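Have the model open as you read.

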Amino acid sequence: MREELIAQLNAWHEADEYEEIVSRIKEVPTPLIDEELAVHLGRALNNLGRYREALKWFNKAADQGKKDPLWHFRVGYAHYYLDEYDQAIKAFKKANKLDPEDQDTLEFLEWSRSEKAALAAADEESEDAEEAAEADSASDASPDADSDAAKETKH
């Protein structure tokens, strides 16, 4: 029975039938969803763009996943699409350490680092713009400064 279920889940994955996977596994009472089923569910949820929910299920399989580069990749993938680049980088680094030959991991690690750098640059530009706006409003808020300057030119 179990082997048939796993075979069916794999077949649905190959056919991009991720909703089928989610529906079938969710028929199992939650306490009976073991680490293997949790990973299948997390993978399907990732493919459906339900990243936060996927992370919940990957965390259920964290003990099993510690030495599995694919588990770390999937966790990193979810964090990447949640714009959580620090966590994504950490997961992709671990996946890369466990499987240095995986090109997808290297690509997502590079993308995560680029996105993190772009966000940092955008934050810095935003802070600079806010400081400039505050400086402008401070000079506009001081009418006495303009009248003092005008008085000096009249004398």
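## The annotated repeats

An unreviewed UniProt entry carries the annotation "repeat: TPR" for residues 35-68 and 69-102; UniProt positions follow the numbering used here, feature names are shortened, and annotations may be inferred rather than shown by experiment. This is a predicted model, in which local features need pLDDT of at least 70 and side-chain atom pairs count only at pLDDT 80 or more, while totals for chains, interfaces and linings use all residues. Residues are numbered from 1 along each chain as its sequence is written, and side-chain values use heavy atoms, with hydrogens and water left out.

Residues 35-68 are 79% helix and 0% strand, and their end C-alpha atoms lie 13 Å apart. For residues 69-102 the make-up is 79% helix and 0% strand, with 9 Å between the end C-alpha atoms. Helices (H or I, at least four residues) and strands (E, at least two) are DSSP runs, numbered from the N terminus.

## T105 in helix α8

Let's move on to T105, a residue of helix α8. T105 is buried, at 2% relative accessible area (buried is under 20%, exposed over 50%, partly exposed in between, using a 1.4 Å probe and protein chains only). Leaving out residues up to four places away in sequence, T105 touches F73, F92, A95 and N96, where contact means heavy atoms within 4.5 Å.

Helix α8 covers residues 103-140 and includes E107. E107 is partly exposed, because its relative accessible area is 36%. E107 and F92 are separated by 15 residues in sequence and by 9.4 Å in space, C-alpha to C-alpha.
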